[in-house]
Amino acid sequence: MSDFPFGFGLPQEPEDGESGKNRGGGQGPADNPLAALFGAGGMNAQDLGAAFQQLGQLLSNDSGPVNWELAQNVARQTVAQGAPDGSKDRSVSTQEAEQVREAVRLADLWLDGVTSLPSGASSTVAWSRAEWVEATLPVWRELVDPVAERVGAAMSDVLPEEMRAMAGPLMGVMRSMGGAMFGTQIGQAVGVLASEVVGSTDVGLPLGPAGRAALLPQNVTALGEGLGVPQDEVRLYLALREAAHQRLFAHVPWLRSHLFGAVDGYARGIQVDTDKLEGLVGQIDPSRPEELQEKLQQGLFEPEDTPEQKAALARLETALALVEGWVDAVVHAAAEPHLPSASALRETLRRRRASGGPAEQTFATLIGLELRPRRLRDAARLWASLTDARGTQGRDALWTHPDMLPTAQDLDDPDGFVHREQLDFSELDRLLGEAADGSTEGSDAPRLAKDDREREDSGNSENSEDDGRDERGRDGEGGRAE
């Protein structure tokens, strides 16, 4: 998988001159025309002809900042060629599908006792790696397109205006080439990621269709190997995490747009150092195509950090930490009474997320963002403390509105947030309820209204010369109240 930021990079060269075998599960020239053009050696006339034919199709396809048709094809081919560990994708068996359904069903029962949020999974599926690719590509598109579009616009801004006008059709060709390059890189990355994820929420975002809990049995088995934990416990613990994520995203309607909005805010803040870019491009020798790859590795297209990006990134990191911390705390509360390996599995998953696991690294490669909940442990402790202090109902009520959630500063002082005095609206709710019911006897509402009218009448009966004093008095009282 490429290490170039924002999806830019050249396809990997064939290994040992064999056109059909690329390092890291890449595509051969017949499947990847960019590899045919930029790869080295080992190409016959048939491969070259097929590559140029596909390249012509790509250049005539103005599909936006990313060629998603190419990305889908490359991802499927990457999955078909096998994972880096040598494992091949396979269909999910009937038994595996039933095991996943049973695990999610039991997980939802256990979660009912530790959270006030009801089940968010309307269906449960067991996916192969190829099925995960097909199901998640629409969300990848939603995440990647804003960043790819902004980077492409920044690249075109480097050219002087008169040169852009003269280029004309060539600019369209360059856009198609950029979309194809993005599509190739994204397809390869998503294809490799498919061999590592265990469900639809590994990156802390809902990558699958809404309300559909999903596990990948083949990858669940691979994760459990070497842990010394029974596979059914591993499967159940991962089902708890998947089901907990589903509850949160299903019953906190603003959460998804909040997270995706932070990504979009990051994209809007992208700026490219045009002076650096112009200098590097001017140094490229057209007779040495490999020099372009060297410049790419030096960060030719790497954008600058801007205040807008930093603010969006901070908002995203805090939100991810709160999501993952809540899931961590809730899943542990549900698993600990039932699974002997709950603590060991919790630590394994914590390290996998906090150390920048495969999912986070892939996303960072694609669009320059790290989906790493850096303060996962702090957030988990805060949610656990909230449970002790306010119960599950009070804890989960904080998801009602984003302004009610803990901030990054609150993660620094969790005790201060947990024990902060909360406004009590119970008496007001009671009075409003009685007024709505038309109840007058024994109610404080009519008495309070009567007292207010008597005070108003008393004020109006004062002489006019006292009006100024009374007004000043009221102003003074208002100032003190503030």
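# Notebook: contacts, core, helices and salt bridges

**Entry 1, the whole chain.** I began with contacts (heavy atoms within 4.5 Å) and found that, among those in the protein between residues at least 6 apart in sequence, 76% join residues at least 24 apart. I noted that this is a predicted model, in which local features need pLDDT of at least 70 and side-chain atom pairs count only at pLDDT 80 or more, while totals for chains, interfaces and linings use all residues. I also noted that residues are numbered from 1 along each chain as its sequence is written, and that side-chain values use heavy atoms, with hydrogens and water left out.

I then looked up the secondary structure and found 21 helices and two strands in the protein; helices (H or I, at least four residues) and strands (E, at least two) are DSSP runs, numbered from the N terminus. Of the 482 residues, 45% are buried, where buried means under 20% relative accessible area, exposed means over 50%, and partly exposed lies in between (1.4 Å probe, protein chains only).

In soluble globular proteins, nonpolar side chains tend to be buried together. Here I looked for nonpolar cores, each a set of buried Ala, Val, Leu, Ile, Met, Phe, Trp, Tyr and Cys residues joined through side-chain atoms within 4.5 Å. The largest such core has 86 residues, and those with the most contacts inside it are Trp-132, Trp-140, Leu-255, Leu-259, Trp-326, Trp-383 and Trp-399. Helix H13 (residues 307-335) gives the largest share of this core, 13 residues.

Two packed helices are described by the angle between their axes and the distance between the axes. The axes of H13 and H16 come within 8 Å and cross at roughly 65 degrees; I kept in mind that axes are lines fitted to C-alpha atoms, for helices over the stretch in contact, and that angles run from 0 to 180 degrees between N-to-C directions. The crossing of H13 and H16 is right-handed, a word used if the near helix is turned clockwise from the far one by less than a right angle, with left-handed used if anticlockwise.

Where these two helices meet, H13 brings residues including Leu-322, Glu-324, Trp-326 and Ala-329, and H16 brings residues including Ala-380, Trp-383 and Arg-395. By class, the contact of H13 with H16 has 10 nonpolar, one polar and four charged residues; Ala, Val, Leu, Ile, Met, Phe, Trp, Tyr, Cys and Pro count as nonpolar, Asp, Glu, Lys and Arg as charged, and the others, Gly among them, as polar.

For helix H8 (residues 217-224) and helix H9 (residues 231-251), I found axes that come within 9 Å and cross at roughly 115 degrees, and H8 passes H9 in a right-handed crossing. Val-220, Thr-221, Leu-223 and Gly-224 in H8 meet Gln-231, Val-234, Arg-235 and Leu-238 in H9, and by class this contact has four nonpolar, three polar and one charged residues.

Side chains of opposite charge can pair when their charged atoms come close. I counted a salt bridge where a side-chain nitrogen of Lys or Arg is within 4 Å of a carboxyl oxygen of Asp or Glu, and by this rule there are 18.

In one of them, the side chains of Arg-241 and Glu-324 meet at 3.1 Å, N to O. Arg-241 lies in helix H9 and Glu-324 in helix H13, so the pair ties together parts that are 83 residues apart in sequence. Arg-241 and Glu-324 are both buried.

Asp-378 forms a salt bridge with Arg-375, the closest N and O atoms being 3.2 Å apart, and also one with Arg-381, where the closest N and O atoms are 2.5 Å apart. Asp-378 and Arg-381 both lie in helix H16 (residues 376-396), three residues apart, about one turn of the helix. Salt bridges that share partners join Arg-375, Asp-378, Arg-381 and Asp-412 into one network.

Lys-88 lies in the loop between helix H3 (68-81) and helix H4 (94-112), and Lys-88 is partly exposed, with a relative accessible area of 47%. Val-263, in helix H10 (residues 255-268), is buried, with a relative accessible area of 2%.
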